[in-house]
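Hi everyone, thanks for coming. I'd like to walk you through two spots in a structure I've been looking at, so please have a look at the screen.

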Amino acid sequence: MTSAVSAQEKPLVEKRITYNDSIARWFVGASVGWSLVALLLGVIVALQLAFQGANVHPMLSYGRLRPLHTNAAIFAFVGNMLFAGVYYSTQRLVKARLPSDTLAKVHFWGWQLIIVSAALTLPLGFTQGKEYAELAWPIDIAIAVVWVVFAINFFWMLANRAEKHLYVAVWFYIATIVTVAVLHIVNSLVIPVGLLKSYSLFGGAQDALVQWWYGHNAVAFFLTTPILGIMYYFVPKAADRPVYSYRLSIIHFWALVFVYIWAGPHHLLNTALPEWAQSLGMVFSVMLWAPSWGGMLNGLFTLRGAWDKVRADPILKFFAAGVTFYGMATFEGPLLSIRAVSGLAHYTDWIVGHVHSGALGWNGFMAAGMFYWMVPRLFGTKLHSTRLAELHFWIGTIGILLYMVSMWIAGVTQGLMWRAADSEGTLVYSSFVETVIAIRPMYYMRLIGGLMYLTGMIMMAYNLFVTAKSGAPVDGEATVVVPEAEPEVKWSRLIAGRPVIVSAVVLGLLIMFGRGNVLTSVAFLVLLVAVGAGALFIEAISKRSAEPTWHRLLEGRALLFTVLTVGAVLIGGVVQIIPAVLIAPEKAEEGGETRLASPLEIAGRDIYIREGCYTCHSQMIRPFDFEAKRYGDASTIADSRFDHPFQWGSKRTGPDLAREGRKNPNAWHYLHFMNPPELSPGSNMPSYKHFETGKVDFADTESSLRALKAVGVPYSVEQVQRAPAAAKKQAETIVKDLAEQGITVAVDSEMVAIIAYMQSLGLPPEQEAAPASPTQVNASGLR
């Protein structure tokens, strides 16, 4: 699978090395254990959506467990899996032992401590309220530190390598390490308010763009590129076949890492995000079809000539199915990024089905195949039961299909019901809860699929445990041949190579002529991808008898390869993010004004975020007639300008709340939080009775406003200083109004704060968050 690049014969030195496989064993064990936790949490939240009574405690409600489920699946299950695969394969690919056992241990235990911290803080309500980035700011710092430890050990190993040529799997590992670091640091920029509380440095549309630049590329560079590297190593090993096409792998890698980083805004189509950002996100998302399917085909065609093995070997079944699910997910993703399709699918369960086809099918099955292949070798024995692994494959496959199909049906049903209108243009399903009731059978089908998948993973855990117990830990060994001196490298040829030159020329044309013109910019960017890929392909097929191709030389230079990878990744981030964050919030929309939230409303928003309400409710009315009829005027960029973090949401299990203010009286909100199904029969919203006994410390509102002022919200010094008194005054007004309706609550209760926040949503500047008329309580009960 690897070969050294050398311009001339050198005297050779042999040495025997023993790989550090103990770290791979630790990460495999952690991944298997956390996978069961993540999937069990997934089953619980699926049950809570189908059966409202499953929300048995505030700390175990859907809004708090759903972020824990996603973080456990991504960072605990897949994170530990990718670390195991990277450490195991890289040592063998570069013919070098992991340089520091101490750093490896710090990496392992530091990562497990981060996961445990997440498991403790998220149910307690300590969250930043940003998808896939919910963890409190001290944990974010710990993630950055542990990731740097991982990077140091990895690149130190590359510096010590005996095999100078970097195999394609290592390219993807390099891209993962450098890109995840950039994404995590930028998206985690906050102003701390307390030990576990903070406000995002960015707000409104800025925060939305940065968040989904991170969120989409967390999927790209944490759940995709490292797993592609694992595919390029373990699939050929398991099939005992070489990778189908070295040239295709070159195009696959560079096109993917360049194009992927641009696609984040497709999560924000038809929103208040600037049009140029939406257009770039859509175009580059559609372009992702080509490199993604190039990688899929390279993986599947590697199995050519080995399909007889696939029929008999469950490991190859997992790999073949995993790569196929990758192809399905990367076909569906660009499809959902087309504006018209997104208009139907966004905020629906179709998106949930799409995400899980990748998470369960691609990540889960690649993990299972890797574990079944690695564990017998790590313990010097045979797999305990091939038949049990085969059963796991079929149960898992059926479970995934049930999940995907149920969510496709539910998503399309939701999208069509929301927009259904009669001949006079009146909404057919005026009550949002009608859609919840209609798709409930699909929620139970999803639950069955999830239970089947969890059952298969329990089988795997048992199979791997018995396998490990039947053997003993074994560290791999290899005799490596090391040149006494480095081969001479023509740096001028690398820096002035054809791919670099043509890409630089097109990028220069983009800067010169593309400014201010979205279509021109997109055309030049597409041209950049095309000519860059073409130049790489020409280099790959060039035949020179005297010296290797440009890319072959590049593969022998880890530092330069890393620099060019960083450059390819950062271009998209620089073009998208910098213009957005440099625009002052007050100038983001000429003539637009934004209402400043009161201190009590800020306290209510903190409670809203703590409870994970953003996981079920959006605050973004799209510019569609059916949404205007249901929710009110389309949202503008000014509406959420001072929201830190933004609350546009990505899923509607409940109605949009962007213009909820003053639609219902305070008493309606009180009754709705106490027992949602009483006012909205069929609702799956949990009860929030604990709001009545929870307390708000008015003194804390001063520090909250001071932090928000630091991130750009234009509170005056006087407003900050008077925040506690203003919060108490507004709370007393709400308490008085509730008392007139026969409801008694404490002035410092969380119920009062969250009602204040709900009544403020969508109000124009300077308007008081006064309630609607009390006579609307019954009339509004079935919204």
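I'll start with one arginine and then turn to a pair of helices. Keep in mind that this is a predicted model.

So, first stop: Arg92. You'll find Arg92 in helix H2, which covers residues 62-94. Is Arg92 buried or exposed? Arg92 counts as buried, because its relative accessibility is 14% and the cut-off for buried is under 20%.

Who are its neighbours? Leaving aside residues up to four places away in sequence, Arg92 touches Tyr19, Asp21, Tyr233 and Gly476. Take Tyr19: 73 residues separate Tyr19 from Arg92 in sequence, yet their C-alpha atoms are 7.9 Å apart in space. With Asp21, the arginine makes a side-chain to side-chain polar contact of 2.7 Å. The Arg92 side chain also reaches the backbone oxygen of Tyr88, at 3.0 Å.

Now for the helix pair. Two packed helices are described by the angle between their axes and by the distance between those axes. Here we have helix H7, residues 225-239, and helix H12, residues 314-336. They pack at an angle of about 145 degrees, and their axes are 10 Å apart. The crossing of H7 past H12 is left-handed.

Which residues make the contact? From H7 come Leu228, Met231, Phe234, Val235, Ala238 and Ala239. H12 brings Ile315, Leu316, Phe319, Val323 and Tyr326. Sorted by class, that contact has 11 nonpolar residues, with no polar and no charged ones.

That's my tour, and I'm happy to take questions.

Terms used
Residues are numbered from 1 along each chain as its sequence is written. This is a predicted model: local features need pLDDT of at least 70, side-chain atom pairs count only at pLDDT 80 or more; totals for chains, interfaces and linings use all residues. Side-chain values use heavy atoms; hydrogens and water are left out. Helices (H or I, at least four residues) and strands (E, at least two) are DSSP runs, numbered from the N terminus. Buried means under 20% relative accessible area, exposed over 50%, partly exposed in between (1.4 Å probe, protein chains only). Contact means heavy atoms within 4.5 Å. A polar contact is a pair of N or O atoms within 3.5 Å; within protein, one must be able to donate a hydrogen and the other to accept it, and residues adjacent in sequence count only if both atoms are side-chain atoms. Axes are lines fitted to C-alpha atoms, for helices over the stretch in contact, and angles run from 0 to 180 degrees between N-to-C directions. A crossing is left-handed if the near helix is turned anticlockwise from the far one by less than a right angle, and right-handed if clockwise. Ala, Val, Leu, Ile, Met, Phe, Trp, Tyr, Cys and Pro count as nonpolar, Asp, Glu, Lys and Arg as charged, and the others, Gly among them, as polar.
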